[in-house]
Amino acid sequence: MGTWTEELSIGNESIDTEHKNLIVMVNGIEAMIKARDSFALPQAFEQLEHYLCAHFVGEENIARAIKFPFAKNKQEHKYVLKEFQHMKTELVAKDGIWSDAAAEHYSNFLSNWITDHVINEDMLMKPALKDYPYDFKPG
Ligand SMILES: [Fe+2]
(Lines give C-alpha, C1' and ligand atoms only; values in the text may rest on other atoms or scores of the structure.)
Protein backbone atom coordinates (compact mmCIF):
# COMPACT_ATOMS: atom_id res chain seq x y z
CA MET A 1 0.00 0.00 0.00
CA GLY A 2 2.53 2.89 0.11
CA THR A 3 1.55 5.34 2.77
CA TRP A 4 -1.20 6.04 5.24
CA THR A 5 -3.59 8.83 4.26
CA GLU A 6 -6.50 10.51 6.03
CA GLU A 7 -9.01 8.40 4.04
CA LEU A 8 -7.68 5.38 5.90
CA SER A 9 -8.63 6.81 9.29
CA ILE A 10 -11.14 4.66 11.11
CA GLY A 11 -11.71 7.32 13.75
CA ASN A 12 -9.55 6.08 16.59
CA GLU A 13 -6.09 7.39 17.36
CA SER A 14 -4.45 4.23 18.63
CA ILE A 15 -5.78 2.06 15.81
CA ASP A 16 -4.77 4.65 13.19
CA THR A 17 -1.28 4.92 14.69
CA GLU A 18 -0.91 1.15 14.65
CA HIS A 19 -2.05 1.01 11.03
CA LYS A 20 0.57 3.63 10.10
CA ASN A 21 3.23 1.48 11.77
CA LEU A 22 1.92 -1.69 10.13
CA ILE A 23 2.10 -0.06 6.69
CA VAL A 24 5.73 0.94 7.35
CA MET A 25 6.55 -2.62 8.48
CA VAL A 26 4.80 -4.20 5.51
CA ASN A 27 6.61 -1.86 3.10
CA GLY A 28 9.89 -2.87 4.71
CA ILE A 29 9.14 -6.56 4.33
CA GLU A 30 8.07 -6.09 0.71
CA ALA A 31 11.40 -4.39 0.00
CA MET A 32 13.26 -7.26 1.73
CA ILE A 33 11.35 -9.85 -0.29
CA LYS A 34 12.23 -8.03 -3.53
CA ALA A 35 15.86 -7.64 -2.46
CA ARG A 36 15.96 -11.30 -1.31
CA ASP A 37 17.30 -10.16 2.02
CA SER A 38 17.03 -13.50 3.76
CA PHE A 39 19.19 -12.20 6.59
CA ALA A 40 16.79 -9.47 7.71
CA LEU A 41 13.50 -11.17 6.81
CA PRO A 42 13.07 -13.63 9.70
CA GLN A 43 13.44 -10.88 12.29
CA ALA A 44 11.16 -8.55 10.33
CA PHE A 45 8.51 -11.28 10.20
CA GLU A 46 8.80 -11.88 13.95
CA GLN A 47 8.43 -8.18 14.59
CA LEU A 48 5.40 -7.89 12.30
CA GLU A 49 3.70 -10.90 13.83
CA HIS A 50 4.30 -9.67 17.34
CA TYR A 51 2.97 -6.22 16.46
CA LEU A 52 -0.01 -7.69 14.63
CA CYS A 53 -1.08 -9.84 17.55
CA ALA A 54 -0.96 -6.83 19.88
CA HIS A 55 -2.86 -4.77 17.29
CA PHE A 56 -5.60 -7.39 16.99
CA VAL A 57 -5.99 -7.59 20.77
CA GLY A 58 -6.19 -3.78 20.93
CA GLU A 59 -8.86 -3.68 18.24
CA GLU A 60 -10.86 -6.36 19.95
CA ASN A 61 -10.75 -4.48 23.26
CA ILE A 62 -11.96 -1.30 21.58
CA ALA A 63 -14.72 -3.19 19.74
CA ARG A 64 -15.89 -4.73 23.01
CA ALA A 65 -15.87 -1.36 24.77
CA ILE A 66 -18.02 0.25 22.06
CA LYS A 67 -20.20 -2.87 21.71
CA PHE A 68 -19.24 -3.44 18.10
CA PRO A 69 -19.90 -7.01 16.88
CA PHE A 70 -16.40 -8.25 16.12
CA ALA A 71 -16.89 -11.82 14.89
CA LYS A 72 -16.13 -11.07 11.22
CA ASN A 73 -12.97 -9.12 12.09
CA LYS A 74 -11.84 -11.84 14.44
CA GLN A 75 -12.16 -14.39 11.67
CA GLU A 76 -10.02 -12.24 9.38
CA HIS A 77 -7.36 -11.92 12.10
CA LYS A 78 -7.17 -15.67 12.58
CA TYR A 79 -6.95 -16.24 8.85
CA VAL A 80 -4.21 -13.69 8.24
CA LEU A 81 -2.04 -14.89 11.12
CA LYS A 82 -2.17 -18.37 9.62
CA GLU A 83 -1.29 -17.03 6.16
CA PHE A 84 1.62 -15.03 7.56
CA GLN A 85 2.91 -18.10 9.32
CA HIS A 86 2.74 -19.97 6.04
CA MET A 87 4.48 -17.23 4.06
CA LYS A 88 7.19 -16.87 6.70
CA THR A 89 7.91 -20.59 6.77
CA GLU A 90 8.06 -20.75 2.99
CA LEU A 91 10.31 -17.72 2.52
CA VAL A 92 12.66 -18.61 5.36
CA ALA A 93 12.99 -22.15 3.98
CA LYS A 94 13.88 -20.75 0.54
CA ASP A 95 16.67 -18.68 2.10
CA GLY A 96 16.58 -15.84 -0.41
CA ILE A 97 16.25 -18.06 -3.44
CA TRP A 98 12.89 -17.24 -4.97
CA SER A 99 11.79 -16.11 -8.41
CA ASP A 100 10.66 -12.64 -9.40
CA ALA A 101 7.15 -14.08 -9.76
CA ALA A 102 7.24 -15.41 -6.18
CA ALA A 103 8.56 -12.08 -4.87
CA GLU A 104 5.73 -10.33 -6.70
CA HIS A 105 3.20 -12.80 -5.33
CA TYR A 106 4.21 -12.40 -1.68
CA SER A 107 4.59 -8.68 -2.01
CA ASN A 108 1.10 -8.39 -3.52
CA PHE A 109 -0.29 -10.61 -0.80
CA LEU A 110 1.04 -8.24 1.87
CA SER A 111 -0.21 -5.09 0.10
CA ASN A 112 -3.61 -6.59 -0.55
CA TRP A 113 -3.89 -7.80 2.98
CA ILE A 114 -3.13 -4.47 4.66
CA THR A 115 -5.52 -2.66 2.30
CA ASP A 116 -8.25 -5.20 2.92
CA HIS A 117 -7.70 -5.16 6.67
CA VAL A 118 -8.02 -1.39 6.96
CA ILE A 119 -10.61 -0.63 4.27
CA ASN A 120 -12.86 -3.68 4.36
CA GLU A 121 -12.58 -4.80 7.98
CA ASP A 122 -11.63 -2.03 10.38
CA MET A 123 -13.56 0.63 8.46
CA LEU A 124 -16.73 -1.20 9.57
CA MET A 125 -16.07 0.16 13.06
CA LYS A 126 -15.90 3.78 11.92
CA PRO A 127 -19.62 4.61 12.29
CA ALA A 128 -19.66 3.20 15.83
CA LEU A 129 -16.43 5.02 16.74
CA LYS A 130 -17.98 8.38 15.71
CA ASP A 131 -19.73 8.51 19.09
CA TYR A 132 -16.38 8.41 20.93
CA PRO A 133 -13.49 10.87 21.15
CA TYR A 134 -10.63 10.30 18.69
CA ASP A 135 -8.27 9.40 21.53
CA PHE A 136 -10.74 6.92 23.07
CA LYS A 137 -9.10 4.05 24.90
CA PRO A 138 -11.03 1.29 26.67
CA GLY A 139 -10.75 1.63 30.45
FE1 LIG B 1 -6.44 -3.00 12.21
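Guide: Let us begin with helix axes: axes are lines fitted to C-alpha atoms, for helices over the stretch in contact, and angles run from 0 to 180 degrees between N-to-C directions. Helices (H or I, at least four residues) are DSSP runs, numbered from the N terminus. This is a predicted model, in which local features need pLDDT of at least 70 and side-chain atom pairs count only at pLDDT 80 or more, while totals for chains, interfaces and linings use all residues. Residues are numbered from 1 along each chain as its sequence is written.

Visitor: At what angle do α1 and α4 pack, and how far apart are their axes?

Guide: The angle between α1 and α4 is about 170°, and their axes are 9 Å apart. That makes α1 roughly antiparallel to α4; angles over 145 degrees count as roughly antiparallel.

Visitor: Which residues of α1 and α4 meet?

Guide: Two residues are in contact if their C-beta atoms, placed from the backbone, lie within 7 Å. From α1 come H19, L22, I23, V26, I29, E30, I33 and K34, and from α4 come A103, Y106, S107, L110, S111, I114 and V118. By class, this contact of α1 with α4 divides into 10 nonpolar, three polar and two charged residues. Here Ala, Val, Leu, Ile, Met, Phe, Trp, Tyr, Cys and Pro count as nonpolar, Asp, Glu, Lys and Arg as charged, and the others, Gly among them, as polar.

Visitor: Is V26 buried or exposed?

Guide: A residue is buried if 20 or more other C-beta atoms lie within 10 Å of its own, exposed if 12 or fewer, and partly exposed in between; C-beta atoms are placed from the backbone. V26, in helix α1, counts as buried, with 21 C-beta neighbours inside 10 Å. Leaving aside its neighbours within four places in sequence, V26 is in contact with L110 and I114.

Visitor: How do α1 and α2 pack?

Guide: Helix α1 (residues 13-35) and helix α2 (residues 41-65) meet at an angle of about 160°, and their axes are 10 Å apart. That makes α1 roughly antiparallel to α2. Their crossing is left-handed; a crossing is so called if the near helix is turned anticlockwise from the far one by less than a right angle. Residues of the contact include S14, I15 and E18 of α1 and L41, A44 and Q47 of α2. The contact of α1 with α2 has 10 nonpolar, six polar and two charged residues.

Visitor: How do the axes of α2 and α3 lie?

Guide: The axes of α2 and α3 come within 11 Å and cross at roughly 175°. That makes α2 roughly antiparallel to α3. Among the residues that meet are F45, L52 and F56 in α2 and H77, L81 and F84 in α3. This contact of α2 with α3 divides into 10 nonpolar, two polar and five charged residues.

Visitor: Which residues of α2 and of α3 are buried?

Guide: In α2 they are L41, F45, L48, H55, E59, I62 and A63, and these pack against α1 and α3 (71-94). In α3 they are N73, H77 and L91; what covers them includes α1, α2 and α4 (100-121).

Visitor: Where are R36 and K67 found, and what phi does each take?

Guide: R36 lies in the loop between α1 and α2 and has a positive phi of about 55° although it is not a glycine. With 15 C-beta neighbours inside 10 Å, R36 counts as partly exposed. K67 is in the loop between α2 and α3 and has a positive phi of about 60°, although it is not a glycine either. K67 is exposed, with 8 other C-beta atoms within 10 Å.

Visitor: Which residues does N12 touch?

Guide: N12 is in the segment before α1 and touches I62, L129, Y134 and F136, not counting residues up to four places away in sequence. N12 counts as buried, with 24 C-beta neighbours inside 10 Å. N12 and E59 are 47 residues apart in sequence and 9.9 Å apart in space, C-alpha to C-alpha.

Notes. Helices (H or I, at least four residues) and strands (E, at least two) are DSSP runs, numbered from the N terminus. Angles under 35 degrees count as roughly parallel, over 145 as roughly antiparallel, 65 to 115 as roughly perpendicular and the rest as oblique.
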